[in-house]
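Please walk through this protein model one part at a time, with the sequence and the 3D view side by side.

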Amino acid sequence: MTLSNGTSDGTIRWGILGTGFIAGLQTKDLQENGFTVQAVGSRSLDSSKAFAGQYGVATAHSSYVDLVADPLIDVVYIATPHPFHHANALMALNAGKHVLVEKSFTMNAREAQDIVDLAESKGLVALEAMWTRFLPHMIRIREIIAAGTIGEVRKVVATHNQSLPKDPAHRLNDPALGGGALLDLGIYPISFAFDILGTPASIKASASMSATGVDRQTAAIFEYANGAQAIVDCELDAASANRALVIGTEGWIDIEPTWYNPVPFTVFGVDGTVIERYDQPVTSRGMQYQAAELERLVRAGSTAGTILPPTETVAIMAAMDGIREQIGLRYDADAGLEGNDND
């Protein structure tokens, strides 16, 4: 069985679709925690063989089609750039494979809904690879909030600012590859706001655009019916400490840098006294926990969990669609969407 500490008995077999940096990180975490990585697929056989050699993967496929058709694969981890997630996920699901899809899940909510609907119709799991959701410190934070330790949550503040490659041709700066701060970096604080406060009633967003036409930095205020707020921001050309706060009427939670990694946090009472200090190191990088959740769902015969159900993934993409509409960031994938096309 899959254990709560993020390990596996190895009976569910994984295929890795894509051979980039994030694919390597996920593969390493899988292998270090008992998961079986059976195969890898790339558009280039040389790239696939190199990846397989580096990580000791049994089978190297020369195409994504061959990977998803592999009868020894149960789950496909999709690690391609954002614009390809939709097609790759549909292809894997149509081949009868469960999917773990890197964030952002898709380019927009329409694409996300396509994946979720197909997975549900086939009884397969389609899980967003928002690894932070499944980390032990986030599970403990949800327990603390549910217990009322910090009272009624009034505000969430979360930042994700990085100094990333400035090359205009880099995927992060290329609109054709889903570039910009929002989809790569903003997804973290936005997902965190959803995790703690749910879907906002309204969003106010502002951005500064780059010379290539993507958002260089974006900030947004999420407003909730009960008066709560979330303040989220992201930037791809300037770094910061990247802390996060959850502020309640009876205290607050301070998550240390970099908050979306497995890091310590401190719970303070309203007078500043320390109520709890949480510091539980994890093995590997921590990406194994999302894989353990997917395996748990597969074994349970369920297509949706409570930590990050597919409906919430779609709602998060819809929120980012709304932000992009406000800041004027449009992608080819948006063509035909009312009020947000490229015509």
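**A buried histidine and the parts around it**

Leaving aside neighbours within four places in sequence, His-98 is in contact with Asp-74, Val-75, Val-76, Gly-123, Leu-124, Val-125, Leu-294 and Val-298. The model is a predicted one. His-98 belongs to strand E5. Is His-98 buried or exposed? Its relative accessibility is 12%, and buried means under 20%, so His-98 counts as buried. A polar atom of the His-98 side chain lies 3.0 Å from the backbone nitrogen of Val-125.

Strand E5 (98-102) takes its place in a sheet. Six strands make up this open sheet, and their order is E3-E2-E1-E4-E5-E6, with parallel pairing. At the edges are strand E3 (59-61) and strand E6 (126-129), each of which pairs on one side only. From one strand to the next, the twist averages 25°. Strand E2 (residues 36-41) and E3 run parallel and are joined by three bridges. Within this part of the sheet, Val-40 stands opposite Ala-60 in E3.

Helices pack on this sheet. Helix H2 (residues 45-55) touches E1, E2 and E3, and its direction makes about 160° with that of E3. Helix H4 also packs on the sheet, where it touches E1, E4 and E5; the direction of H4 makes about 170° with that of E5.

Helix H4 (residues 85-94) is mostly covered, with seven of its 10 residues buried. Which residues of H4 are buried? They are His-85, His-86, Asn-88, Ala-89, Leu-90, Ala-92 and Leu-93. The cover over the buried residues of H4 includes strand E1 (13-17), helix H3 (64-69), strand E4 (75-78), strand E5 (98-102) and helix H5 (109-122). Just after H4, Gly-96 has a positive phi of about 85°.

The next step is the pair H4 and H5. Two packed helices are described by the angle between their axes and by the distance between the axes. For H4 and H5 the angle is about 5°, and the axes are 10 Å apart. Angles under 35 degrees count as roughly parallel, and H4 and H5 are therefore roughly parallel to each other. The contact of H4 with H5 has six nonpolar, three polar and three charged residues. On the H4 side, the residues are His-85, His-86, Ala-89, Leu-90, Leu-93 and Asn-94; they meet Glu-111, Asp-114, Ile-115, Leu-118, Ala-119 and Lys-122 in H5.

Between E5 and H5 there is a loop, and Ser-104 is found in it. The peptide bond from Lys-103 to Ser-104 is cis, with omega near -10°.

Just after H6, Gly-148 takes a positive phi of about 80°.

Strands of a sheet pair through backbone hydrogen bonds, either parallel or antiparallel. An open sheet of eight strands, in the order E8-E9-E10-E7-E11-E12-E13-E14, has mixed pairing. Its edge strands are strand E8 (202-209) and E14, and each pairs on one side only. The twist in this sheet averages 10° from one strand to the next. E11 and E12 are paired in the antiparallel sense over five bridges. Here Leu-245 stands opposite Asp-254 in E12.

Helix H7 (residues 181-197) packs on the sheet and touches strand E7 (153-161), strand E9 (215-223), E10, E11 and E12; its direction makes about 160° with that of E10. Helix H9 (residues 310-327) lies across E8 and E9 and runs at about 55° to E8.

Asn-242 lies in the loop between strand E10 (229-235) and strand E11 (244-248). Its phi is near 60°, a positive value in a residue other than glycine. Asn-242 has 3% relative accessibility and so counts as buried. In the loop between strand E12 (251-255) and strand E13 (265-269) sits Thr-258, and a cis peptide bond with omega of about -15° joins Pro-257 and Thr-258. Ser-284 is found in the loop between strand E14 (274-278) and helix H8 (288-300). Phi of Ser-284 is near 55°, a positive value in a residue other than glycine. With a relative accessible area of 30%, Ser-284 is partly exposed.

Technical notes
Residues numbered from 1 in each chain as written. Predicted model: local features only at pLDDT ≥ 70, side-chain atom pairs only at ≥ 80, totals over all residues. Heavy atoms only, no water. Buried < 20%, exposed > 50% of the residue type's maximum accessible area, 1.4 Å probe, protein only. Helix = DSSP H or I, 4+ residues; strand = E, 2+ residues; numbered from the N terminus. Contact = heavy atoms within 4.5 Å. Axes fitted to C-alpha atoms, helices over the stretch in contact; angles between N-to-C directions. Parallel < 35°, antiparallel > 145°, perpendicular 65-115°, else oblique. Nonpolar A, V, L, I, M, F, W, Y, C, P; charged D, E, K, R; others polar. Polar contact = N/O pair within 3.5 Å; in protein donor to acceptor, adjacent residues only side chain to side chain. Pairing = 2+ DSSP bridges.
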